[in-house]
Amino acid sequence: MPLPKEKKTQVIQEFHRNEGDTGSAEVQVALLTSRIEQLTNHLQTHNKDAASRRGLLSMVGQRRRLLEYLRRSNYEGYVALADRLKIRRKS
C-alpha cells in the first residue's frame, strides 16, 4: 500500500532541507513514518495480514537505522525531527 501521491508530496515539502530534496535522511524518515502509521491502522482492522505485518517490521527497522544515522551525524536535527514526528528517541 503506497502512500497517495498528494500525501507523499506534502510530506516531502514539509521535511525537505532545500528545494528538490527528496532523498535526505529526514525526508526518508518522515515518509517511513507516514507509511508506518498507515500500515498500523490497516493491521488494526486486518490483524491476520502477516505479509503486511512483515513489511511493517521491515519499515520500522529501516526507520530505526536512519534515525541512528541522524543521531550520530546531526544530533540537533535528530532531536528536532523526532519531536516533530512524535517519535520516542534515545537520550
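Analyst: A polar contact of 2.8 Å joins the side chains of His-42 and Asp-49 (N or O atoms within 3.5 Å, one able to donate a hydrogen and the other to accept it; residues adjacent in sequence count only through side-chain atoms on both sides). The model is predicted, so local features need pLDDT of at least 70 and side-chain atom pairs pLDDT 80 or more, while totals for chains, interfaces and linings use all residues. Numbering starts from 1 along each chain as its sequence is written, and side-chain values use heavy atoms, without hydrogens or water.

His-42 belongs to helix α2, residues 25–45 (helices are DSSP runs of H or I with at least four residues, numbered from the N terminus). Because its relative accessible area is 16%, His-42 is buried (under 20%; over 50% is exposed, and between these partly exposed, with a 1.4 Å probe and protein chains only). Apart from residues up to four places away in sequence, His-42 touches Met-1, Asp-49 and Ser-52 (contact means heavy atoms within 4.5 Å).

Ser-52 sits in helix α3. With a relative accessibility of 15%, Ser-52 is also counted as buried. Its contacts, with neighbours within four places left aside, are Met-1, Leu-39, His-42 and Leu-43.

These residues belong to the packing of α2 on α3. The axes of the two helices come within 9 Å and cross at roughly 155° (lines fitted to C-alpha atoms over the stretch in contact, with angles from 0 to 180 degrees between N-to-C directions). Therefore α2 is roughly antiparallel to α3 (over 145 degrees; under 35 is roughly parallel, 65 to 115 roughly perpendicular, the rest oblique). Residues making this contact include Leu-39, His-42 and Leu-43 of α2, and Ser-52, Leu-56 and Met-59 of α3. The crossing of α2 and α3 is left-handed (the near helix is turned anticlockwise from the far one by less than a right angle; clockwise is right-handed).

Elsewhere in α2 is Ile-36. Ile-36 is buried because its relative accessible area is 8%. Leaving aside neighbours within four places in sequence, Ile-36 is in contact with Leu-56, Met-59, Val-60 and Arg-63. From Ile-36 to Asn-74, which lies 38 residues apart from it along the chain, the C-alpha separation is 23 Å.

Helix α2 also meets α1. Their axes come within 9 Å and cross at roughly 140°. That angle makes α1 oblique to α2. On the α1 side the contact is made by Lys-7, Lys-8, Val-11, Ile-12 and Phe-15, and on the α2 side by Glu-26, Val-27, Ala-30, Leu-31 and Ser-34. The crossing of α1 and α2 is right-handed.

The largest nonpolar core has 23 residues, and those with the most contacts inside it are Phe-15, Val-29, Leu-31, Leu-67, Leu-81 and Leu-85 (a core is a set of buried Ala, Val, Leu, Ile, Met, Phe, Trp, Tyr and Cys residues joined through side-chain atoms within 4.5 Å). Helices α1, α2, α3 and α4 each give two or more residues to this core. The most comes from α2, with nine residues.

In α4, residues 75–85, the buried residues are Gly-77, Tyr-78, Val-79, Leu-81, Ala-82 and Leu-85. They pack against α1 (5–15), α2 and α3 (50–73). Leu-81, with residues up to four places away not counted, touches Phe-15, Glu-26, Val-29, Leu-67 and Leu-70. After α4 comes Lys-86, with a positive phi near 60°.
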